[in-house]
Structure formats: structure tokens, C-alpha cells
Amino acid sequence: MDKLLSLLLSLPSPAVALSGGLDSRFLAHAALLADRDPLLLHASGPHIAPAETERAARWAESRGLDLRILPFDPLALPAAAHNSRGRCYHCKKALIELLKRNAPGRMLCDGSQADDLRHPHRPGNRALKEAGVRSPLAELGLGKTRIRALAAEYGLEQPEQAARPCLLTRLPYGMRPDPAVLARIAAAEAALEELGLAEFRLRLTPEPQLHYLHLPEGLKARLPELLARHGFAGAPLVRCETLSGFFDHLPVKGNAPDALRIRPAEAGDLATLVLLWERSVRATHHFLSEDDILFYTPFVRDMLPGAELWVAESPPGTPAGFMLLEGHKVEALFLDPPAFGLGLGRALLRHARALKGPLVVDVNEDNAAALAFYERRGFVRIGRSPLDGAGRPFPLLHLAQPSDEPS
């Protein structure tokens with residue numbers, strides 16, 4: 001902390017870009033401890049949740065700091081309006097120009113920290129460097145874990161505050177941002193946070209998905225109704241290992257014709273596919289308990305070897321889904337949750353139909369999303385069984401694809 005205070009004392013009168021998140025609050029807090037009287041600048045617009053602007057304003061007022069809230073609409077920029085991979089560079093460049101105009105004679109600083117520099121896709125970092133913006137936390141090698149510890153030690157409120165980045169990060173590259181949709185996402189996330197969810201993102205892939213790190217006990221049953229109330233009915237709940245950079249690892253829809261490969265499975269794939277099945281079922285089969293999933297896992301492990309098994313890779317080299325065929329029946333089709341909505345399921349079905357002709361499939365009656373997926377592909381109901389293949393009380397709907405219906 002002494003090094004940070006010394007660095008802040010060495011800078012000309014600082015202006016801090018305050019998002020309302022932990023990192024920028026901690027930087028402003030440190031500037032206050034260094035007796036630097038920082039000017040705080042916050043940009044509000046369709047890309048920022050109103051709750052974040054309110055949080056920033058309340059915090060600045062509680063510390064007696066001068067905060068200027070500046071209207072800023074990144075959707076007026078072509079790169080942001082088209083939601084390109086480089087949007088963050090153009091957005092941050094324009095934002096820096098706005099902040100500097102409103103802080104003449106001050107050194108503009110931001111809350112970027114060391115972990116941000118390690119991320120392989122942060123085009124906004126280039127804009128900061130080009131404009132001469134100082135990032136004291138990053139310059140001293142302070143990452144999130146250390147910042148949380150220092151924030152707690154030096155009296156900053158909410159040292160465990162979860163990150164809430166720009167709302168444009170909830171959309172896949174190439175999907176044009178709609179201010180009304182961004183507002184619905186912001187409102188839903190505010191309600192989820194109020195309910196007790198902390199580390200999460202509500203994303204459109206383009207289908208809505210709720211990504212989370214940890215789901216507190218008792219919340220799962222309450223989430224579908226809340227999401228439906230905000231227009232995101234049926235959004236699967238997807239547990240993730242990390243929340244940052246989700247869309248950076250996926251192909252841009254419509255711009256990556258070579259990003260999908262379908263190939264026969266190999267022996268070395270099987271362990272990976274069982275884990276993929278578990279992730280997919282947890283995200284979509286909400287009618288199954290954890291004990292149910294553990295019950296079925298050995299069946300899946302035993303079923304895959306020797307079967308006609310096709311793997312979808314996206315990008316090539318990364319298994320993102322698989323399909324098991326027995327004759328013209330699709331015995332299994334599962335996608336890794338990050339690959340939902342990218343067209344892999346349709347591609348696998350087209351591949352199967354090209355091989356086998358009209359297809360049949362069984363779908364859990366309680367899996368409404370899967371049923372809707374197959375019905376959109378032209379499948380019709382031809383029967384029902386009260387028990388599944390393991391003799392358990394999870395009814396199956398039997399579907400068939402008419403011979404004249406393409407997949």
C-alpha cells in the first residue's frame with residue numbers, strides 16, 4: 001500500500017475514472033488516503049447498468065468526493081453499434097477523450113489492475129496506453145486478490161464486491177446492441193443480485209443463459225420465474241469455472257465458416273465427452289437432481305465406447321458437442337453450455353440426416369427447450385413412454401422427422 005500511496009503522491013492532480021466497481025473505488029480510496037483530493041468521473045449510458053451509476057454516486061457522496069456523471073453513448077460509434085471484436089478499443093478511446101475534456105489540468109487514472117493485463121483479448125488496454133492514461137494498480141502489479149485484501153485492511157466498503165462489466169459484454173460479437181434489451185439485462189441482473197446471487201452474468205448467445213460461479217442454496221427454484229418476468233424465460237443455468245472473456249473464446253457468428261468441424265469420435269475423446277455431458281445436463285435438465293445425474297453417469301460412460309459417435313468441434317480441436325446414432329435414431333445429442341445457440345446442434349442433425357435419412361429421437365417430456373429445438377427442425381410426436389430407458393419415472397416423448405422435412 002505504501003508503494004501505491006507514493007505513486008499517487010508523485011502524480012499531478014489525479015482524476016479517477018470511476019465505474020463503481022471495486023478496482024476504481026479502491027484507487028479513489030487510496031488517492032483519498034494519500035490526501036490527493038481526486039476528481040471522480042463516471043460515464044453513464046445504455047452500456048452501464050443504472051444500478052452501477054447509483055452505486056458510484058452513493059459511494060462518492062459518502063466520501064465527500066466530487067463526482068461528475070457524464071452522458072456517453074457508445075452505440076453512436078460504428079464499432080460498438082456493430083458489436084465488433086475491436087469495439088472496446090474504439091469505445092474506450094472515445095470515452096477517454098470525453099473524460100479528459102472534463103478534467104483539464106489533471107492526470108487521468110483508471111482502475112485497470114494486473115489481472116486485466118494478462119487477459120489475451122483486452123483491446124481497451126491499447127486505447128489507455130495510446131492516450132497516456134495511468135493505471136497505478138496495474139503498474140504496481142496489484143491483482144484482484146491483493147486488491148480485495150488491501151481494501152479490507154484499509155477500510156474500503158464491500159471489498160468482496162463482484163465485478164459488473166459493461167453490458168455489451170453480455171452479447172456475442174456481431175449481435176447489434178439494442179438499448180431496450182440492454183436495459184432488460186440490467187434490470188434482471190439487479191434483481192438477481194438483490195435475490196442473493198453474486199458472481200454471475202446474464203448473457204445472450206443469442207439465446208439467454210445465466211452463467212454463474214456459485215449458486216446459493218435455495219435460489220435455484222426461484223430463478224426461472226425471475227428470469228421469465230424480465231423476458232428471459234427458459235434461460236438455462238450454466239455453472240462456469242470463470243466468467244470473464246466468455247465470447248472471446250467463441251467464433252463470431254457469420255464470420256467463421258471454418259470454425260466448425262464434425263468428425264468421428266476417438267478413444268481419447270470419451271472422458272472429455274462424459275464431462276461435457278455432465279455440464280450440458282446440469283445446464284438443461286433442471287428436473288434432475290444431482291443424485292439423478294450421478295446415477296446416469298455410469299450409463300453414459302458405458303454407452304459411448306463402440307457406439308457410432310460424432311464430435312462437433314468449435315473451434316477445430318475443441319470438442320463442443322457430440323451425437324450418438326443407432327441406425328436412424330439419435331440416441332444422444334449434447335452440447336457444451338458455452339456452445340448453446342451457435343448452430344452446432346443443427347449442424348449435427350444435418351450431418352445425421354445426410355448419413356441416415358429421416359431421423360427419430362426420444363426427448364424427456366420435462367425438457368421443454370430440447371422439445372422445442374426438435375420441433376423447429378420438423379420433428380413431430382409419435383408416442384410417449386411413462387418411464388425412461390433406465391425404467392425411471394422421467395417420461396419420454398418419441399419424435400420422428402417426416403421424410404420431406406429438411407433438418
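Modeller: Let's start with a word we will need throughout: two residues are in contact when they have heavy atoms within 4.5 Å of each other. Keep in mind that we are looking at a predicted model.

Colleague: Good, let me try that on one residue. Which residues does Ser-24 touch, not counting those up to four places away in sequence?

Modeller: With those neighbours left out, Ser-24 touches Val-16, Ala-17, Leu-18, Ser-19 and Gly-111. Ser-24 itself is part of helix H2.

Colleague: And is Ser-24 buried or exposed?

Modeller: Residues under 20% relative accessible area count as buried. Ser-24 has a relative accessibility of 5%, so it is buried.

Colleague: Where does Arg-261 lie, and what does it touch?

Modeller: You will find Arg-261 in strand E8, residues 261-264. Leaving aside residues up to four places away in sequence, Arg-261 touches Val-311, Ala-312 and Glu-313.

Colleague: Let's step back to the whole chain. How many helices and strands are there?

Modeller: The chain has 15 helices and 14 strands. Its C-alpha atoms fill a box of roughly 75 × 40 × 40 Å along the principal axes. Of its 407 residues, 50% count as buried.

Colleague: What share of the contacts with a separation of 6 or more comes from residues 24 or more positions apart?

Modeller: Those residues account for 69% of such contacts. Ala-190 and Leu-387 are 197 residues apart along the chain, and their C-alpha atoms are separated by 40 Å. For Arg-261 and Ala-127, the figures are 134 residues and 36 Å.

Colleague: Now for helix packing. What describes two packed helices?

Modeller: Two packed helices are described by the angle between their axes and the distance between those axes. Take helix H1, residues 2-10, with H2: the axes are 9 Å apart and the angle is about 75°. Angles of 65 to 115 degrees count as roughly perpendicular, so H1 and H2 are roughly perpendicular to each other.

Colleague: Which residues make that contact between H1 and H2?

Modeller: H1 brings Leu-4, Leu-5 and Leu-8, while H2 brings Phe-26, Leu-27, Ala-30, Ala-31 and Leu-33. By class, the contact has eight nonpolar residues, no polar and no charged ones.

Colleague: How do H2 and H9 cross?

Modeller: The axes of H2 (residues 22-33) and H9 (residues 144-153) come within 11 Å and cross at roughly 50°. That angle makes the two helices oblique, therefore, to each other, and their crossing is left-handed. The contact is made by Leu-22, Asp-23 and Phe-26 of H2 with Lys-144, Ile-147, Arg-148, Leu-150 and Ala-151 of H9. Five of the residues in this contact are nonpolar, none polar and three charged.

Colleague: What about H12 and H13?

Modeller: H12 and H13 (residues 290-303) pack at about 150°, with their axes 11 Å apart. Over 145 degrees counts as roughly antiparallel, so H12 is roughly antiparallel to H13. The crossing is right-handed. From H12 come Val-274, Trp-277, Glu-278, Val-281 and Arg-282, meeting Glu-290, Ile-293, Tyr-296, Thr-297, Val-300 and Arg-301 of H13. The classes here are six nonpolar, one polar and four charged residues.

Colleague: I noticed Trp-277 there. How many aromatic pairs does the structure hold?

Modeller: The structure holds seven aromatic pairs. In one of them, the rings of Trp-277 and Phe-334 have centres 6.4 Å apart and planes at 75°, so this pair is edge-to-face. Trp-277 sits in helix H12 (residues 270-284) and Phe-334 in strand E11 (residues 329-335), so the pair ties together parts 57 residues apart in sequence. Both Trp-277 and Phe-334 are buried.

Colleague: How are the rings of Phe-322 and Phe-334 arranged?

Modeller: Their centres are 5.9 Å apart and their planes lie at 35°, so the pair is tilted. This pair links Phe-322 in strand E10 (residues 319-326) with Phe-334 in strand E11, 12 residues apart. Phe-322 is buried, as is Phe-334. Put together, Trp-277, Phe-322 and Phe-334 form one aromatic cluster.

Key:
Residues are numbered from 1 along each chain as its sequence is written. This is a predicted model: local features need pLDDT of at least 70, side-chain atom pairs count only at pLDDT 80 or more; totals for chains, interfaces and linings use all residues. Side-chain values use heavy atoms; hydrogens and water are left out. Axes are lines fitted to C-alpha atoms, for helices over the stretch in contact, and angles run from 0 to 180 degrees between N-to-C directions. Helices (H or I, at least four residues) and strands (E, at least two) are DSSP runs, numbered from the N terminus. Angles under 35 degrees count as roughly parallel, over 145 as roughly antiparallel, 65 to 115 as roughly perpendicular and the rest as oblique. A crossing is left-handed if the near helix is turned anticlockwise from the far one by less than a right angle, and right-handed if clockwise. Ala, Val, Leu, Ile, Met, Phe, Trp, Tyr, Cys and Pro count as nonpolar, Asp, Glu, Lys and Arg as charged, and the others, Gly among them, as polar. Rings of Phe, Tyr and Trp (its six-membered ring) pair if their centres lie within 6.5 Å; planes under 30 degrees apart count as stacked, over 60 as edge-to-face and the rest as tilted. Buried means under 20% relative accessible area, exposed over 50%, partly exposed in between (1.4 Å probe, protein chains only).
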